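Student: I have a new structure to read. Where do I start?
Tutor: Let us look at the structure, then take one feature at a time.

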Amino acid sequence: MGGLLSIFMWVAPLRHALQKQARRVMIKRAEAALGSSSTAKYTGLGQDFWDSQRREVEDSSLVYPSYYTREYHGYPDGNLCWNAAYEAEVMSKVASMKAEPNCPPNEAEKILRDKYMTAIRNAIDLGSVTPTTKVLDMACGIGNSTYSLANEFPDAEVYGLDLSPYFLSIAKYRSKENEKYSKITWTHAAAENTPWEENSFDFISLVGTTHEIPASVMPTLLQEIYRLLKAGGNVAIIDVDAENIKKMPGFIYALFKSTEPDMDDFLTLNLPKSLSATGFTNIKEDKTSINRRVLTVATKPAQ
């Protein structure tokens, strides 16, 4: 059955229809549990409004790397479309509810994000924050992890970077709902090719992204993180636990991989070894503090 399903999933119209239906079911169930529709609050503002928001954050000269123009998460245009951006908030809540199944649905995401920051604090020293501290959330999506950084570093300069101007539009719009997020700087660029000078940041986070990076791009991404960090600066990387994915039955993995084209690369990624090869030290892995997630931290050596 797994082999037949794998072949079936390569038939684009059938694959798209199945993925769309599965996404609708997940969103409907999540919104029923949450008692509200985050998707409707965005679509209700109208296309003209969102197109104007996109123009505010978009670097129109940016050339997208080929890996980013593929299908992702069941969207034919990947993260380069409004549907993916509109639905990102509820899909994030779906993932949080799976990670925290015993929590009230409306509290699951906050609890999970708090666990992220607690685990990071326990792994590295975050106590030396000053008003000149600069922190970067790479591949920030619609800003969930960026807001966590702003909460953790209220006196720092906080930056959110993403390759999707659609996601950045949602992130910037949501930041207006809370004064503490109003000073976040949103940047449209690839994580492996950023516009900043070397030694620019004290702390960099990368959440839920390494499973979406091709093996051919990963070394360049880690080198860019190393370049951007100041000497003594730290990086924290959080993603799903590959060991749980490896336990999936073949036909379930075939369905999953149809929405995650770089999953095979992720399952063979040895992140601590890759960080070490890049030049990082003090590399630590935490597989227990965050449900269904792995935290990896590392330091750029002081010079």
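Tutor: Start with exposure. Buried means under 20% relative accessible area, exposed means over 50%, and partly exposed lies in between (1.4 Å probe, protein chains only). Take isoleucine 252: at 32% relative accessibility, this residue counts as partly exposed.

Student: What should I know about the model and its numbering?
Tutor: This is a predicted model: local features need pLDDT of at least 70, side-chain atom pairs count only at pLDDT 80 or more, and totals for chains, interfaces and linings use all residues. Residues are numbered from 1 along each chain as its sequence is written, and side-chain values use heavy atoms, with hydrogens and water left out.

Student: How many helices and strands does the protein have?
Tutor: Helices (H or I, at least four residues) and strands (E, at least two) are DSSP runs, numbered from the N terminus. Here there are 13 helices and seven strands.

Student: What share of the residues counts as buried?
Tutor: Of the 303 residues, 50% count as buried. The accessible surface is computed with the Shrake-Rupley method and a 1.4 Å probe; for residues, only the protein chains shown count as cover. For the protein, that surface comes to about 14500 Å², and 52% of it belongs to carbon and sulfur atoms.

Student: How do I read contacts along the chain?
Tutor: A contact means heavy atoms within 4.5 Å. Take the contacts between residues at least 6 apart in sequence: 74% of them join residues at least 24 apart.

Student: Why look for a nonpolar core?
Tutor: In soluble globular proteins, nonpolar side chains tend to be buried together. A nonpolar core is a set of buried Ala, Val, Leu, Ile, Met, Phe, Trp, Tyr and Cys residues joined through side-chain atoms within 4.5 Å. The largest one here has 44 residues. Leu136, Met138, Ile204, Leu221, Ile225 and Val235 have the most contacts inside it. Several elements each supply at least two residues of this core, including helix 5 (82–99), strand 1 (134–138), strand 4 (201–207) and helix 9 (218–228). Another core, of 30 residues, lies apart from it; Ala119, Ile120, Ala123 and Ala156 are among its members.

Student: Which residues does methionine 138 touch?
Tutor: Leave out residues up to four places away in sequence. Then its contacts include Leu161, Ala191, Ile204, Leu221, Ile225 and Leu228.

Student: Is valine 90 buried or exposed?
Tutor: Valine 90 is buried, with a relative accessible area of 1%. Its place is in helix 5. Lysine 28 is 62 residues from valine 90 in sequence, yet their C-alpha atoms are 9.5 Å apart.

Student: Where do aspartate 51 and arginine 54 lie?
Tutor: Both are in helix 4 (residues 47–57), three residues apart, about one turn of the helix. Aspartate 51 is buried at 18% relative accessible area, and arginine 54 is buried at 17%.

Student: What does a polar contact look like?
Tutor: A polar contact is a pair of N or O atoms within 3.5 Å; within protein, one must be able to donate a hydrogen and the other to accept it, and residues adjacent in sequence count only if both atoms are side-chain atoms. The side chains of glutamate 100 and lysine 115 make one (2.9 Å). Glutamate 100 sits in the loop between helix 5 and helix 6 (105–123). At 5% relative accessibility, glutamate 100 counts as buried.
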